Amino acid sequence: MEFLFPGFLVALGTLAVPILIHLFYFRRFRKVYFTSVRFLREIKDEQSAQRKLKHLLVLAMRLLALTALVFAFAHPFLPGTGSVTTGTAAVSVYIDNSFSMEALSEDAPLIAKARTSAREIVSAFAPNDQFQVLTNDLEGRQQYLVSRDEALVLIDDIAISPAVRPLSQIVARQKQALSGSDAEKRVAYIISDFQKSVTDIVQYEDTTLQLNFIPLQAVQEKNISIDSAWFMAPVQMAGQSAALMVQVTNHSSERAENVRLAIEYDGQEKPVGTLSIEPGASLTDTINLSVNRTGWQQAELRLTDYPVRFDDVYRFSFEVPEFIDVLVIDEGRQDKFPDAALSGAGIFRVTHQPKQAITYSSMGYYELIIVSDLVDISSGLASGLRTYVAAGGNLLLFPSPEASLESYNAFLPMLGADQMLPRVDAQSEARSINTDEFVFDDVYENNAANFRLPSTTANFRFSSGAASSAEPLISYRNGDAYLAKYPFRQGHLYVCAAPLAKQYNSLVRDAEIFVPMLYKMAISSGNDRQIAYFVGRDLDIRLPVTSGVGEPVFTLKGEGKELIPGVRTSGEYILLNLDEEVNIAGFFDLSSVSGDTTSQILALNYDRRESNLSCYTLSELTELAGPLVVMTDGMAETSLTVMIGEQSRGVPLWRFCLILALGFIATESILLRTLL
């Protein structure tokens, strides 16, 4: 047993008072007259023995009563697990309000139990202590200390939020808030389900802040989520069916049966089917989406799952272009072969620009740029083409028969391509076509069909090495590349080994090769286009630079919000940062202030980091966090107010001392009455 205020034990010196009273008060003699002396002596001896015993009992009761009163003022206690300090306290309480806290405990959602636990923690401290109430939202009012009554109001206002924070960031905020207090004691509490995806505190070693973990546990870790969706083809075309891939994950330890998946698109909701997913596994399904119009489209994938529902909806958006713009850069002769190859589709719009009159600022508007028959490539054109490809564009290069090797070899390495070797004037025939690559994938029903491959009378070779990133699309019989693909940043460079002119190359006469090749190259520029974004992550929207005149201003509207996002230019991109601005999922219209039409539709979803409800158990958390972190079972029936009092101040005994003092005083009164 220890004492909170041991100075009061000096008052034990008052025990001398009842002893003195006993010595002097009970020694007074009283005369009693009797007629028989012998009879008087017998009565006197008997009463004297009884009186001495009762006097000693009265003295004992007085001594015990005073001792109990002194002990009560000294606040005796049985030491608990925490250190005992006097004075005021600064307390930070973090309540995890992420989506995973929607999971159910035995009698209520975890978020409700977390609010109750937070109230009990605040109530365990004195009214003059200071408190911080912190959530994943990290609001401004949560960054400073408030009174106990204000803290209770903040706790009542806590609601589920899409924000997800690692625990290390939360503890850093708690330290920052508590460091500004002059309280003698600083203590932090974390109330959470301690998901493995966000619990990153390992072997806590900071002795300046007492850290307490209060884990809450759901009855069953069960959840099914739509993780992602993507199109097989980069660009969708009106009047065609688009293959949409959907990934669904079962995060529970039981097989999920008859999971109903539906899609809402173009104002109609259609069931896709039912899925059966093995425990802990993911399943990818294909949805054929009929695209009937051009412009920006939006759609939602949905499944039914309870109680965690934030990841049951997956929103996505995509653009169906009215025209696909293709730019041809040549020496000014306006070669008609690309026009003839693409005109039959009806959706391609071909523009010709001679190399002397190129508008570099407009390159970003084109899905495909064809460079044909240029003798040399200037440094300005090389820089513009590099920026275009890096931003996600596709460049198809046909060298001139008189190509300057010095000029070409200065340009090609800028895009990660091999250097070009001198021209070989010899008849060569292509032998194979790579039907596994996107350009020729799904083009031919029978890949083994005996169709005619290109042949050339002159071609350039390339110095491919072990580090070459070239992917042959069409190969000569000797193994050299006739048409090669080089990925660069977000775009691609396609290089043909032969000039496009028909006297050197039969490609323009091989319509079954030339037409689908240009078509697939033109629609492949959307490989990096995101159809969905996630709230709660570093949300940067990347747009290609289409103009060199200053930084544009955009507005974002949707879900009851309207804001102007921050804009910065990074090389070939415009980056819009929405991380601190948007905290709700939905569809948002992103428009340029200078234009009257919607630039694009953004589909925002909630972060899937908490879809996996796997959490640390109390024993695992104890081993992970280390001995300096105090663990308190948040699912225990004992009130946290009592548990915290026992941990920080021990088991108080002063109430028992008061009860004992009153009992001793009552016993003394009874004894005094019997003495009279």
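**Close-up 1. Arg-309 in the loop between β12 and β13.** In this predicted model, Arg-309 sits in the loop that links β12 (295-303) to β13 (313-320), where helices (H or I, at least four residues) and strands (E, at least two) are DSSP runs numbered from the N terminus. Arg-309 is partly exposed, with a relative accessible area of 48%; buried means under 20% relative accessible area, exposed over 50%, and partly exposed in between, with a 1.4 Å probe and protein chains only. Although Arg-309 and Ser-611 are 302 residues apart along the chain, their C-alpha atoms are separated by 9.4 Å. Residues are numbered from 1 along each chain as its sequence is written, and side-chain values use heavy atoms, with hydrogens and water left out. Because the model is predicted, local features need pLDDT of at least 70 and side-chain atom pairs count only at pLDDT 80 or more, whereas totals for chains, interfaces and linings use all residues.

**Close-up 2. Val-272 in strand β10.** Val-272 belongs to strand β10 (residues 268-277) and is partly exposed, its relative accessible area being 29%. When its neighbours within four places in sequence are left aside, Val-272 is in contact with Leu-261, Ala-262, Ile-263, Asp-285 and Ile-287, contact meaning heavy atoms within 4.5 Å. The C-alpha atoms of Val-272 and Leu-301 are separated by 9.3 Å, and these two residues are 29 apart along the chain.

**Close-up 3. The open parallel sheet that includes β3 and β4.** The sheet is formed by 5 strands in the order β4-β3-β5-β6-β33, with parallel pairing; two strands pair if DSSP finds at least two bridges between them. At the edges stand β4 (130-134) and β33 (630-631), each with a single partner strand, so one side of each is left without a neighbour in the sheet. Strand β3 (residues 89-95) runs parallel to β4 and is joined to it by 5 bridges, and Tyr-94 has Leu-134 in β4 as its bridge partner.

**Close-up 4. Strand β27 and its two antiparallel partners.** Of the 5 residues in strand β27 (residues 554-558), 4 are buried, which leaves the strand mostly covered. β27 pairs in the antiparallel sense with strand β31 (residues 586-592) over 4 bridges, and also with strand β28 (residues 561-563) over 3 bridges. Leu-556 has Leu-590 as its bridge partner in β31, while in β28 Leu-556 stands opposite Leu-563. The hairpin of β27 and β28 has 2 residues between the strands, and in this hairpin Glu-559 takes a positive phi near 55 degrees.

**Close-up 5. Helix α7 and the glycine that follows.** Helix α7 (residues 379-390) has 12 residues and reaches 16 Å from its first C-alpha to its last, close to the 16 Å expected at 1.5 Å a residue, the expected span being 1.5 Å times one less than the number of residues. Its buried residues are Leu-381, Ala-382, Gly-384, Leu-385, Tyr-388, Val-389 and Ala-390. After α7 comes Gly-392, whose phi is positive, near 115 degrees.

**Close-up 6. The chain as a setting for these views.** The chain contains 12 helices and 34 strands, and buried residues make up 45% of its 676 residues. Among contacts between residues at least 6 apart in sequence, 72% join residues at least 24 apart.
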